[in-house]
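Trainee: I would like to learn how to read a helix and a chain interface. Can we take a case and go through it?

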Amino acid sequence: MTLAIHNPASSAPPLGAYSNGISAPAGGRWLYIAGQVGVEPDGRVADGFAPQAEAAWRNLVAVLADAGMSASDLVKVTHYLLSPDDLAAYNAVRMRWLGAARPASTLVVVASLAKPEWRVEVEAIAWHA
Amino acid sequence: MTLAIHNPASSAPPLGAYSNGISAPAGGRWLYIAGQVGVEPDGRVADGFAPQAEAAWRNLVAVLADAGMSASDLVKVTHYLLSPDDLAAYNAVRMRWLGAARPASTLVVVASLAKPEWRVEVEAIAWHA
Amino acid sequence: MTLAIHNPASSAPPLGAYSNGISAPAGGRWLYIAGQVGVEPDGRVADGFAPQAEAAWRNLVAVLADAGMSASDLVKVTHYLLSPDDLAAYNAVRMRWLGAARPASTLVVVASLAKPEWRVEVEAIAWHA
């Protein structure tokens, strides 16, 4: 039982490091990861956009690991930024943590996150047989 | 094994083409579809809001089809617009592609999508026994 | 078969009434709840932010109940506000309805919801063995 990728020629090709569709067969465990932000395990907010993105992904992968999973188990990732100007820096961080994984993804630019100093939030859904 | 719709009288009725709740029994396949935008399979961005919405839904249904599913298998759809003024045009496109399907839905207006010319993004989750 | 909570010391601790990760074992029913807003079952929009938040959560819990579930079955909740100034009032309502439940959560501030008078929208995913 493994995840299947769906990138049909009849839809626009993926426009970044994601798959257009991923399906999971019956059975297996599902993990939901809360929106992770650029806060370190000691509670300090990382200074600047790229360090925040790095901390958010480090948190996300730590939650995956706690559930016995890794980036290759990601099915869906949703990314919230505060500015399109941060997109290139964000994608560099995202691709390093994703490795070869290409989960289904959505990225939107929102007005604000829960605290004014937070500049990125990333949540995820993962599955393992 | 089929999807069950939950529209209890004790909650506000659906305020559009959706159900307040949909539940799936144990088993079955789950498909996650990345946020689809108004880009054609050849990479061209559709010109104007309604053509973008049409292209985004065409992409979404193409991914469903690639997984052996159709609009009637949609469980949850999340819609991101850039302006409430586009809502009427969006709903016309959405309802044509949904047919009789009424997936659980959320619609929000965000500040921007990943590219400034994109005006709508739609993601979905589907299930088939 | 029960939900498992994942709050590893290697990730930033939860910064509110949520868990960083929740996993569900194979099997069980999944419920998707559409974005609920501050509209009463009779169609009237609640007057003011806190009454809207209250009505949205009352709707959400009514849908849970219709599926034979309760707040303790919530796996993921996504909260959309229009202003960070509403956060304290929102969290008071949210915590009263959650009780001891700590679902994975994401909260973002968006530009607008589908109608200009709506000030909060909350959607959820729940699981029951």
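Mentor: Contact means C-beta atoms, placed from the backbone, within 7 Å; helices (H or I, at least four residues) and strands (E, at least two) are DSSP runs numbered from the N terminus. This is a predicted model, where local features need pLDDT of at least 70, side-chain atom pairs count only at pLDDT 80 or more, and totals for chains, interfaces and linings use all residues. Residues are numbered from 1 along each chain as its sequence is written, and chains are lettered from A and ligands numbered from 1 in the order written.

Trainee: Which residues of H2(A) are buried, and which are exposed?

Mentor: An α-helix has 3.6 residues a turn, so residues three or four places apart point the same way. Buried means 20 or more other C-beta atoms within 10 Å of the residue's own, exposed 12 or fewer, partly exposed in between, with C-beta atoms placed from the backbone. Tyr90(A), Val93(A), Arg94(A) and Leu98(A) are buried in H2(A). They cover an arc of only 130° around the axis (taken from the directions from the helix axis to the C-beta atoms), which puts them on the same side of H2(A). Ala88(A), Ala92(A), Met95(A) and Arg96(A), on the other side, are exposed.

Trainee: How many residues meet between chains A and B?

Mentor: 29 residues of chain A contact 27 residues of chain B. E5(A) gives the largest share of chain A's side, 6 residues.

Note on methods:
Two residues are in contact if their C-beta atoms, placed from the backbone, lie within 7 Å.
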